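Here are my notes for anyone opening this one for the first time. Have the model up on screen and follow along point by point.

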Amino acid sequence: EKWEDGMRTTGESGTYEWWYFDGKLADGSTMVVGFYTKLLTNLQHGLEPVIMVNIDFEDGSKVEKRVEYVKSDWSASTEQCDVTIAGNYFRGDLEKYEIHFQDDELTLDIQIARETMSWRPETGHMMFGSEGDFFAWVVAVPQGEATVTYTYQGKTVTTGGSCYHDHNWGNKSLAELVNHWYWARAEMGPYS
C-alpha cells in the first residue's frame, strides 16, 4: 500500500532508511539516486540527511555526488513516499514518482511510471538473530519507465529508459547482517 513507501523510522540513532532509484537509459547511461536518513557508516548518529547521485555515461565518464545536509533540511511523510531535503525531493504514490535534485553543478529531474505491480517479501522485514535486528524492503517499482532530464556542465539532456525504485530501512548495518550483496540490472519481458 502507499503508506509502505512512506517513512518507516524516525531517523533516530541505530536506524537507517533510504529511497533508491536505478535507471538504464536510452542514451547509454546508467543512473542511481538515493535519498538517505544518514550515511550507512553513521548508523549510531541521529538524522543526518544525504543525497547520492551517480551517473555513468556511455563513454566511461561519470558524475558522483554525495551531498550531506542538516536535520532541519529534512521532512518526510509516513503516508506515502514524500521525502524533501533542502528543496530536493523524492515523492510518489506507487504508480508515479518524481525526483528532483539540484546543486551548483547538476540539475536532475526524473519522472517514473510503474509498469509492474509493487512487491515486498511477506511483511517486508527480514529478521536476524534474537535481538530484533532487521532489514526491511519494499519494491515500489520493480520495473518502470523513466523520463530523465538533467543539466550538467552547461549541457541539457532529456532521455528515458527502464528503471527500478525500492525503499529500505533497518536497525543494524547491512555489513553486519549480510555476507555479500550482489546487485545487477536484468530484464526479461515484464520481469526485472
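This is a predicted model: local features need pLDDT of at least 70, side-chain atom pairs count only at pLDDT 80 or more; totals for chains, interfaces and linings use all residues.

1. Residue numbers count from 1 along the chain as its sequence is written.

2. Start with the hairpin made by β3 and β4, which has five residues between its strands. β3 covers residues 50–56 and β4 covers residues 62–68, and the two pair in the antiparallel sense over seven bridges. In the turn, look for G60, whose phi is positive at about 95°.

3. Next, the inside. The largest nonpolar core has 34 residues, and F21, M31, V33, L106, L108 and I110 are those with the most contacts inside it. Several strands supply at least two residues each, including β1 (16–25), β2 (30–36), β9 (106–114) and β12 (155–170). Which strand gives the largest share of this core? That's β11, with six residues.

4. Beyond its neighbours within four places in sequence, L106 is in contact with V53, I55, V63, K65, F101, Y150, T151 and Y152.

5. Two loop residues have positive phi without being glycine. A86 has phi near 50° and is found in the loop between β6 and β7. L94 has phi near 80° and lies in the loop between β7 and β8. Is each of them buried or exposed? A86 counts as partly exposed because its relative accessibility is 41%, whereas L94, at 12%, counts as buried.

6. Now the charges: the structure holds seven salt bridges. One of them joins K62 to D56, with the closest N and O atoms 3.4 Å apart. K62 is partly exposed at 46% relative accessibility, and D56 is partly exposed too, at 32%.

7. K65 turns up again here, as its side chain meets that of D103 in a salt bridge (2.8 Å, N to O). D103 sits in the loop between β8 and β9 while K65 is in strand β4, so the pair ties together parts 38 residues apart in sequence. K65 is buried, with a relative accessible area of 11%, but D103 is partly exposed at 21%.

8. One more pair to check: R91 and E98 form a salt bridge, their closest N and O atoms being 2.7 Å apart. Finally, salt bridges with shared partners join K65, D103 and E105 into one network.

Definitions and conventions
Side-chain values use heavy atoms; hydrogens and water are left out. Two strands pair if DSSP finds at least two bridges between them. Helices (H or I, at least four residues) and strands (E, at least two) are DSSP runs, numbered from the N terminus. A nonpolar core is a set of buried Ala, Val, Leu, Ile, Met, Phe, Trp, Tyr and Cys residues joined through side-chain atoms within 4.5 Å. Buried means under 20% relative accessible area, exposed over 50%, partly exposed in between (1.4 Å probe, protein chains only). Contact means heavy atoms within 4.5 Å. A salt bridge is a side-chain nitrogen of Lys or Arg within 4 Å of a carboxyl oxygen of Asp or Glu.
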